[in-house]
Amino acid sequence: MNILKKISSLLLSIALIITGINVNTMTLNTVKAASTQKEVYPNFLKTEGKEIKNTNGNTVYLRGVNAGGYMLQEIWLCATKGATSDDTSGNIRCQQDIINQLTDRLGSERAAELINTYEENYWTSKDFENCARLGVNCIRLPIWYRNLVDENGNWYSNAFDRLDWFIETAGRYGIYVIIDMHGAYGSQNGSDHSGVDGGNDKKGASEFFFGSNAASNQEKYYQMWEKIAEHYNSNPVVAGYDLLNEPYNEYRYNSGYSDDQLHSWLWNIYDNAYKRIRAKDPTHVIIMEATWEPTDLPNPDTYGWENVMYEYHNYLYDDYENANGQQIANMQKRINNINSANYNVPSYMGEFSYFNSPSTWEQGLK
């Protein structure tokens, strides 16, 4: 997303299933996780055609928020940047810059301590309580690869502790969690929300797709998903694995590459990730993102994908205050395109904003 334009948007984009209208009451059950006895959890989810079903056969509609700025700071919604919203001279533009600055000033141990303190206090049990009170039944949790490994690619001994706590606590409130790979090895879009910002050369900073390290970064990405899938393969609180946030993103339409070439690269990566995850976890929903339209995703039958969900993001900056009434029309257009594509999978609006008009939010959320 364009950082300057996103400043005024609400801090948490809403996420919801756009197929269906009614919200079904979820059945809670007690489960035993690998380490400790948990309290109550939502039932396992699985796709069935365009719907999501729990193990009781009930249709479930996911409605909730993103836990943005928590395990990966996006500078537009966090107060750690080194510049004002209209100034690009600041030296803190992404999570990697935060780590570098703190490490240079205080050393790696103290830097890790401060980041850990920030994360411990950013999201607490009270937040889950508030979400549950609002009727939220799903939280999309953005992470980046550095949450799990150090600068040399070595896995932390406690790599899953924070994820485990988040998922466990969410489950106690009957809330599902989508694990969202917001920042992959090498960065899949060169933007701050991947953990690395390339400034005016975001494509050049996208070393997940381009450059001599791309193949290595992709292999490490597959291996990371394998470890995540192996760790959570029996956990019903996890609604699904969101493979890759906004690939290509801002340079999607001016990359110099054809749609066919960009699609080919991305879909092959999705297919490889799907196969590697399925070898470790045959059960959880796998979520694939379009940047931005349904045409940016294949017919799932082409690859033989099963138990998958397609995700879309929707932002319109040209009518920020909805003065021309375009916010709702733009969302309806996206939904129409999704319906026209008619993929036999659930459709998930993982991020969107109606920006500055409260009445538009009220209408849009309905």
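These are my notebook entries on a predicted model of one protein chain.

**Entry 1: the whole chain**

I started with the big picture. The chain carries 10 helices and 12 strands. I then looked up burial, and 54% of the 366 residues count as buried. Of the contacts with a separation of 6 or more, 71% are between residues 24 or more positions apart.

Next I picked strand S7, residues 138-144. Is S7 mostly covered or mostly open? It is mostly covered, as 7 of its 7 residues are buried. I wanted to see the two faces separately. In a regular strand, side chains alternate between the two faces of the sheet. On one side of S7 I found Cys 138, Arg 140, Pro 142 and Trp 144, and on the other Ile 139, Leu 141 and Ile 143, all of them buried.

Then I looked for the strands beside S7. Strand S6 (residues 63-66) runs parallel to S7 and is joined to it by 3 bridges. One place to look is Gly 64, whose bridge partner in S7 is Cys 138. Strand S8 (residues 176-183) also pairs with S7 in the parallel sense, over 7 bridges. Here I marked Ile 143, which has Met 181 in S8 as its bridge partner.

I moved on to S11, residues 308-314. All of its 7 residues are buried. Again I sorted the residues by face: Val 308, Tyr 310, Tyr 312 and Asn 314 are on one side, with Met 309, Glu 311 and His 313 on the other. Both faces are covered.

Which strands pair with S11? S10 does, in the parallel sense over 4 bridges, and I noted that Ile 287 has Met 309 in S11 as its bridge partner. S12 does too, again in the parallel sense, over 5 bridges. For that pair I wrote down two bridges: Tyr 310 with Ser 347, and Tyr 312 with Met 349.

**Entry 2: His 284**

His 284 lies between helix H7 (259-280) and strand S10 (285-289). Why does His 284 count as buried? Its relative accessible area is 0%, and the cut-off for buried is under 20%. I also looked up what His 284 touches, setting aside neighbours within four places in sequence. The list includes Phe 44, Tyr 232, Asn 233, Ser 234 and Asn 235. Val 238, Tyr 241, Arg 278 and Asn 307 are on it as well.

**Entry 3: the largest pocket**

Last, I looked for empty space. Rolling a probe the size of a water molecule over the atoms shows where such space is left. The largest pocket has a volume of about 660 Å³. I found 22 residues lining it, with Ala 112, Ile 115, Arg 146, Asn 147 and Tyr 156 nearest its centre. Helices H2 (95-106), H3 (108-122) and H5 (161-172) are the elements that give two or more residues to this lining. Which of the elements gives the largest share? H3 does, with 6 residues. By class, I logged 8 nonpolar, 8 polar and 6 charged residues in the lining.

Methods
Residues numbered from 1 in each chain as written. Predicted model: local features only at pLDDT ≥ 70, side-chain atom pairs only at ≥ 80, totals over all residues. Heavy atoms only, no water. 1 Å grid on protein atoms, 1.4 Å probe; cavity = no way out; pocket = protein on both sides within 12 Å on 5 of 7 lines; lining within 4 Å. Points joined across faces, edges and corners; volume = space filled by probe spheres on them. Nonpolar A, V, L, I, M, F, W, Y, C, P; charged D, E, K, R; others polar. Buried < 20%, exposed > 50% of the residue type's maximum accessible area, 1.4 Å probe, protein only. Contact = heavy atoms within 4.5 Å. Pairing = 2+ DSSP bridges.
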